[in-house]
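Subject: Structure handover

Hello,

Here is the structure for you to look through. My notes on it follow below.

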Amino acid sequence: MSLFEIKARIAKACQAAGRNADSVTLIAVSKVQPNARVAAVLDEGHRVFGENRVQEAAAKWPDFRETYDGIDLHLIGPLQTNKARQAMELFQAIHSVDRPKVAQTIARLAQELGGCPDIFLQINTGEEPQKAGVMPAEADAFVTDARALDLPVRGLMCIPPVDEEPSLHFALLAKIAARNGLAGLSMGMSGDFESAIALGATHIRVGSAIFGEREYS
Ligand SMILES: *Cc1c(COP(=O)(O)O)cnc(C)c1O
């Protein structure tokens, strides 16, 4: 697949859902990908990227930023509180605020730094013990608390269980967001972004379909 083809598929899915194509932000997930592949996508004019590790992003993106203007970087993987400051200096959005302690740390640092990336709260829609995010039953309280901390909460994020129908999880996330007055929905990956768009995704996180399979060494 290419960036061009993915954009065409997004446009088609938006049209089918009666949505504007510009209502969906494509986050190109560049984790683990060789720099040459990332540069190729930058050269095509794309500027919105996602990384799941702060360390890896810090090693890669400052250099790209010297060459390319307007890079919009999104953290989509788990955040340890001791990396929060670095993450807030590097990323324009954090999709993986998954527990009160992380929210509190970000709020404190936002005061100190005088700014804060856009925040998405991660919901563990599949209630999987090994997965990050707050349980659906605790989601409303988490949104309230994050807002009380003055965090710029833009929306919710989920990663559905691998062996379940993702659309059920997308629908659940959309329902929780709607009742909390949140416009942002970070959901949908290479295998399921069209169904995420049908259910209201505003941010889709697509890696391998753009860059090819990740090769872990
Ligand atoms: C890696 C990753 C993606 C992208 O996955 P693909 O299947 O390659 O599209 C999306 N979201 C998160 C949280 C990820 O870690």
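**Glutamate 128**

Glutamate 128 is buried, with a relative accessible area of 13%; buried means under 20%, exposed over 50% and partly exposed in between, using a 1.4 Å probe and protein chains only. This is a predicted model, in which local features need pLDDT of at least 70 and side-chain atom pairs count only at pLDDT 80 or more, while totals for chains, interfaces and linings use all residues. Residues are numbered from 1 along each chain as its sequence is written, and side-chain values use heavy atoms, with hydrogens and water left out.

Glutamate 128 sits in the loop between strand 5 (118-122) and helix 6. Helices (H or I, at least four residues) and strands (E, at least two) are DSSP runs numbered from the N terminus. Neighbours within four places in sequence aside, glutamate 128 is in contact with Ile159, Pro160 and Pro161, where contact means heavy atoms within 4.5 Å.

**Ligand**

Among the residues that surround the ligand are Val29, Lys31, Ile159, Gly207, Ser208 and Arg214; a residue is counted if one of its heavy atoms lies within 4 Å. Polar contacts are pairs of N or O atoms within 3.5 Å. A polar side-chain atom of lysine 31 is 2.7 Å from an oxygen atom of the ligand. For glycine 207, a backbone N or O atom lies 2.8 Å from a ligand oxygen atom, and a polar backbone atom of serine 208 is 2.8 Å from an oxygen atom of the ligand. The protein covers 89% of the 380 Å² of accessible area that the ligand has on its own (Shrake-Rupley method, 1.4 Å probe).

In helix 6, the buried residues are Ala139, Phe142, Val143 and Ala146. Seen down the helix axis, they fall within an arc of 100 degrees, so they line one face of helix 6; the arc is taken over the directions from the axis to the C-beta atoms. They pack against strand 4 (93-97), helix 5 (100-113), strand 5, strand 6 and helix 7. Aspartate 150, which follows helix 6, has a positive phi near 70 degrees.

Helix 7 (residues 166-179) has buried residues including Pro166, Phe170, Leu173 and Ile176. The buried residues of helix 7 fall within an arc of 165 degrees, seen down its axis, so they line one face. Exposed Leu168, Lys175 and Ala178 are on the face turned away from that buried side. Among the packing partners of the buried residues are helix 6 (139-148) and helix 8 (193-198). Just after helix 7, glycine 181 has a positive phi of about 65 degrees.

Regards

Technical notes
A polar contact is a pair of N or O atoms within 3.5 Å; within protein, one must be able to donate a hydrogen and the other to accept it, and residues adjacent in sequence count only if both atoms are side-chain atoms.
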